[in-house]
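The following dialogue concerns how to read the features of a protein model. Please look at the sequence and the structure before going on.

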Amino acid sequence: MGDTIFGKIIRHEIPADIVYETDDVLAFRDLNPQAPVHVLFVPKRAIATLNDATAADAELIGKLVLAAADYAKREGFDKEGYRTVINCNEHGGQTVFHLHVHLLAGRRMTWPPG
């Protein structure tokens with residue numbers, strides 16, 4: 001699971017507001033939300049960055065993205081819309097090196113993003 005803060009959340013070593021969980025994916029509310037809804041979807045098997053993903057990780061990454069869509073539908077903001085983001089490395093905005101998908105919703109998103 002890795003020795004990042006996300007690995008510690010997955011192992012329940014530190015608390016988090018968990019909103020979604022399957023055998024492969026855990027999702028919890030971001031502590032520094034950038035939208036009214038800001039949930040992080042993390043694979044339970046650590047992959048540091050999107051650059052580190054291989055063809056063998058395709059199914060897991062697919063589950064990660066589909067989990068975000070499932071959560072959006074379950075919570076009812078799928079119709080108005082939401083944004084998913086994967087940051088990669090420092091200049092891409094990644095601060096925790098455990099691949100994760102940000103789901104942002106609850107307000108109109110602007111373009112281009114920051």
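Q: Which residues does Asp57 touch, not counting residues up to four places away in sequence?

A: Contact means heavy atoms within 4.5 Å. On that basis, Asp57 touches Arg45, Ile47 and Asp52. Asp57 itself lies in the loop between strand 3 and helix 2. This is a predicted model, in which local features need pLDDT of at least 70 and side-chain atom pairs count only at pLDDT 80 or more, while totals for chains, interfaces and linings use all residues. Residues are numbered from 1 along each chain as its sequence is written, and side-chain values use heavy atoms, with hydrogens and water left out.

Q: Why does Asp57 count as buried?

A: A residue is called buried under 20% relative accessible area, exposed over 50% and partly exposed in between, with a 1.4 Å probe and protein chains only. Asp57 counts as buried because its relative accessibility is 6%. Across the chain, 40% of the 114 residues count as buried.

Q: Which elements make up the chain, and in what order do they run?

A: Helices (H or I, at least four residues) and strands (E, at least two) are DSSP runs, numbered from the N terminus. The chain has 2 helices and 5 strands, and their order from the N terminus is α-β-β-β-α-β-β.

Q: Why does the radius of gyration of the chain agree with that of a compact globule?

A: The radius is taken over C-alpha atoms, and the globule rule is 2.2 Å times the number of residues to the power 0.38. For 114 residues the rule gives a value near 13 Å, and the chain has 13 Å, so the two agree. The C-alpha trace spans about 35 × 30 × 25 Å along its principal axes. Among contacts with a separation of 6 or more, 51% are between residues 24 or more positions apart.

Q: Which residues touch the most other members of the largest nonpolar core?

A: In soluble globular proteins, nonpolar side chains tend to be buried together. A nonpolar core is a set of buried Ala, Val, Leu, Ile, Met, Phe, Trp, Tyr and Cys residues joined through side-chain atoms within 4.5 Å. The largest one here has 20 residues, of which Tyr20, Val39, Phe41, Tyr71, Phe77 and Leu103 touch the most other members. Two or more residues each come from strand 1 (18–21), strand 2 (25–29), strand 3 (37–43), helix 2 (58–75) and strand 5 (101–105). Helix 2 gives the largest share, 7 residues. A second, separate core of 8 residues includes Phe6, Ile9, Phe28 and Val42.

Q: Where does Ala27 lie, and is Ala27 buried or exposed?

A: Ala27 lies in strand 2 and is buried, with a relative accessible area of 0%. Leaving aside neighbours within four places in sequence, Ala27 is in contact with Asp17, Ile18, Val19, Tyr20, Val39, Leu40 and Phe41. Sequence separation and spatial distance can also be read side by side: Ala27 and Val101 are 74 residues apart in sequence, with their C-alpha atoms 9.2 Å apart.

Q: Where is Gly106 found, and is Gly106 buried or exposed?

A: Gly106 is found in the segment after strand 5 and is exposed, with a relative accessible area of 56%. Gly106 and Leu26 are 80 residues apart in sequence and 21 Å apart in space, C-alpha to C-alpha. Met109 is also found in the segment after strand 5. Beyond its neighbours within four places in sequence, Met109 is in contact with Ala35, Arg83 and Leu104.
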